[in-house]
Amino acid sequence: MTWLSQAARIATRELRGGLAGFRIFLACLALGVAAIAAVGSVRVSITEGLQREGRVILGGDAEVEFSYRFATDQELDLLRSFATEVSAAVDFRSMAATAQGPDADRALTQVKAVDALYPLTGAVALEPDIPLAEALAGDSVVVHPVLADRLGLEMGDSLWLGTKAFTITARLIREPDAGAAGFGLGPRTLVRTEALDGSGLLSSGSLFETDYRLTLPPETTDAQLDALEVQVETAFADAGARWRDRRNASPQVARFVDRIGSFLVLVGLAGLAVGGVGVSAAVRAYLDRKTPVIATLKTIGAEGRTIFAAYLMQIGVLAAVGVAIGLVLGAIIPLLAAPFISTQLPVPVAFGIHGGPLAEAALYGALTALIFTLWPLARTEQVRAASLFRDASGPARGWPRKRYVAALAASAVILIGASALLSGIPLLALYAAGAILVALGILVLAAWGVRALSRRLARTGTARGTPSLRLALGAVGGPGGEATAVVLSLGLGLTVLAAVGQIDANMRAAIDRDLPQVAPSYFFVDIQPDQLPGFLDRVENDPAVSRVDAAPMLGGVVQTLAGRPAADFDHWVTRGDRRISFADSLPEGTRITGGTWWPEGYDGPPQVSFAQEEADELGVEIGDEVTMNILGRDLTATVTSFREVDFSTGGIGFVMVFNEAALRGAPHTWLSTVYATPEAEAQILRDVAGDAPNITAVRVRDAIDLVTEALSALAAATSWGAGATLLTGFVVLIGAAAAGERGRVFEASVLKTLGATRRTILTSFAIRSALLGAAAGIVAIIGGALAGWGVLTFVMDAPYAFEPLSALVIVVGGALATLLAGLAFAWRPLAARPARVLRSQD
Amino acid sequence: MVLSLRDVSLSLQGNAGIVDILHGISLEVTERETVGLVGPSGSGKSSLLMLMGGLERATSGAVEALGRDLTEMDEDALARFRRGHMGVVFQSFHLIPTMTALENVATPLELAGDSDAFDRAAAELEAVGLGHRIGHYPAQMSGGEQQRVALARAAAPRPDILLADEPTGNLDQSTGEAIMDLLFGLRDRHGATLVLVTHSLDLAARCDRTIRLVDGRLDSETRRTAEAAE
């Protein structure tokens, strides 16, 4: 391996020249790696925080949850057989009112009814700072400040839940187990469970969850937790109970953080690809400068592989430095942002330095550096010794040897494979990799097209009469320009931003514009069967109400589907409780898409009608069987029809509707949607809640606001990711402008010699910068629109419409960015004295 | 008088401090005259030529061209003056790499607002024997071809003054001779005044007058005799 040691010696000597000219190379790699490392570190910090503080978040070492019922004595006995403490908490939605009757103010609240042991872990913080036992003594409640403010209530005022009045004794400042509760629609009210007696709430058929929190002996190991989970799930297999323990205290938050984290890593990879363009440009420029050295080495007998290895080693050392800087930044940024991130999340975060995400970022950085430098490095073999003796007319062209092309392809496959494997969302990762490759391909074509078009336009009559325009077009279209680097780097950065803009705008448009036109004003839930006639009488006879839909509703847990256990499916339908309905005749407006609806008055073996889209996703076919546990009893029904269910309308939509006879006897409540004019909404709420305080009204507009708020947070997080990508794009852009400065100094000097004024030269520079920026922007709009269409159509299953405003901002932004970068590097060319510049090159 | 320099000095800031390049140079060049500037390397020949073209600013003294004081003009005024009256040829050609031969030659004409810039440029390239290379970029041409394009570019606006800084310095002997024939041919055709910096005494001998510089000072001046001219 003499040639390798020779290469190492050459590399070491060459590196004595220092890192000059590699600032952009280092910045590109460091930025990309830092963004990925930071996102990964935050994700792991949250996950570790969830694990470390799992006991506090969960409110105990473990929890067993029942839907719509309390545990039986036998079930409680089993829990007490291994737990040292068992505390029960009931969670449900209700209306909180300032008084009884139609004139009261009402607001939706998420009630948690607790026993004297609550909380088993952590502490509730109240204002005033009194013990919880004191605050909840008798018929007292503790309310979240938002609810108190919404209803204008102070300490000592009455708050009505159902048909019972409670006294507010404190404001709820911190609820230790809030992270485990998931996302509620209303602010929290805490109350003793026994105090709810006489409120009319929690009656049969009502929608509530009962959580039994358990304290286990301190020595309980993870293996024992596994054993207990199996024991509980076996014993309660048919009871619809769900086990959670301190290791997965907040699966919703964990899943959300995991998904958004993975998504942001993919955005980070796009940033790294943008950085790769800068890395590649820097290496090309470096090797161009080194052409005489390479030619000299060849003249004195160095083989092609020795030269390739020598320069690969140099670039490798520099890449390692860039990756290391990125890792340091990626590790430090989350620590600096810790106070801000902590306030944004309902769960504790274990900030620290985590090896896993740093290693992942380092791997991506190293592979990206390799992919984007192999091609120019491979071309060092094509430099001929003869180039020393005649004017080298630029870098070598053509394809490198096959082994380098194979190595490049292998590196790309490893990078894509690693991102698919490590992100946890392989399909999306593959889509993202495909999209980045397609975008890079489109951008290369676009750069070629822009150059060809510029050359053609430079020869038109208009351009020939306007020197500054023709000079600009000539510079964009001519050889050795910066067009490709600028269009690629800025274009890819802007494409990511445009895609985010298109997706965000379309989602907002869907919510802001489409949904309210067809969505109901209210969802009324928990309507007892005996309350239904009175309720319908009130709403159906109101001239301001245009439509009322009502359906019976009860909850259940899918046990088996098409002969497979529910746990085998990774789908929301088979996860947790599923609200189901029953009907005899086909509900009005329902469209059957497959099979047949049961005949009216059908009383045979249970049948179920399945939503077509969900059936397709789950692979359910006509004739398959579904077993559901409904209030502790298993019900098996055959799928006999498919229906079209459009959840996007905000109306009533059940994935499964059973035949009436199968569920008629089961305790249930009614769900109703009421479509009314906005002016009539308040009065309807007052009348319905005044007559039946147990009925809970969910205002659809409030729910939409919550979704919009969550969406804004998501869009903000994604925008930060896209921003990092764009920042890398700007760095590459500045690199390209800086690299082109020498050429522009020369060009300006020649032009001055030929009689061009500084204004003509500056105008020409400005036009060429704006042209390239606008070209990058236009390609970004096309790429962003394609990506937006793809994500909305295939991932979100939502309609896509081109959003022009963000697109316009991106084109103008792109043009401005390149213009500013170009002008920032125009000063030296304009100030250059022609004699000194031109003579120095003689 | 086409060119007039009075007590011109030039000092430049170098890495090791201020370097005095030219010391009190005074000379005059008449209409249609050809002047060769010779001297050893570093004697200030090219710097003197740059001062004549307004490409460098004198530290002291006056530089006049066609009766206009170049030292009084700003950068843009100098550029406009060159546009109409001067053509410059460099040793390293200095073609703009992003432009074709035709575009390079047309540029000064365009800057001067010439409406048939491209037709005239094409004719000029034809005149230097490059009619078949007008769409080629500099990188696609040999050194000799690039210098011919540079000559065409300098001559295309029909300048009153042609300044050439060692135009054959980067070329082999036969190509160099061909270039010089072209340069003198262009000068004859357009009737311009020519100032030529060269190391070659043979080339200098083709000029009406040869001025020798040593250490930034005028050392000697030789006029061509009638016999030599013949």
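Asp526(A) is buried, with 27 other C-beta atoms within 10 Å; a residue is called buried if 20 or more other C-beta atoms lie within 10 Å of its own, exposed if 12 or fewer, and partly exposed in between, with C-beta atoms placed from the backbone. This residue sits in strand S11 (residues 522–527) of chain A, and although Asp526(A) is not a glycine, its phi is positive, at about 65°. The model is predicted: local features need pLDDT of at least 70, side-chain atom pairs count only at pLDDT 80 or more, and totals for chains, interfaces and linings use all residues. Residues are numbered from 1 along each chain as its sequence is written, while chains are lettered from A and ligands numbered from 1 in the order in which they are written.

A positive phi, of about 55°, is also found at Arg158(B), again not a glycine. Arg158(B) counts as partly exposed, with 16 C-beta neighbours inside 10 Å, and lies in the loop between helix H5 (143–155) and S7 of chain B. Helices (H or I, at least four residues) and strands (E, at least two) are DSSP runs, numbered from the N terminus.

Chain B also holds an open sheet of six strands in the order S6-S7-S8-S3-S9-S10, with mixed pairing; two strands pair if DSSP finds at least two bridges between them. Strands S6 (86–89) and S10 (217–223) of chain B stand at the edges with a single partner strand each, so one side of each has no neighbour in the sheet. S6(B) runs parallel to strand S7 (residues 161–165) of chain B, joined by four bridges; there, Gly87(B) has Leu162(B) as its bridge partner.
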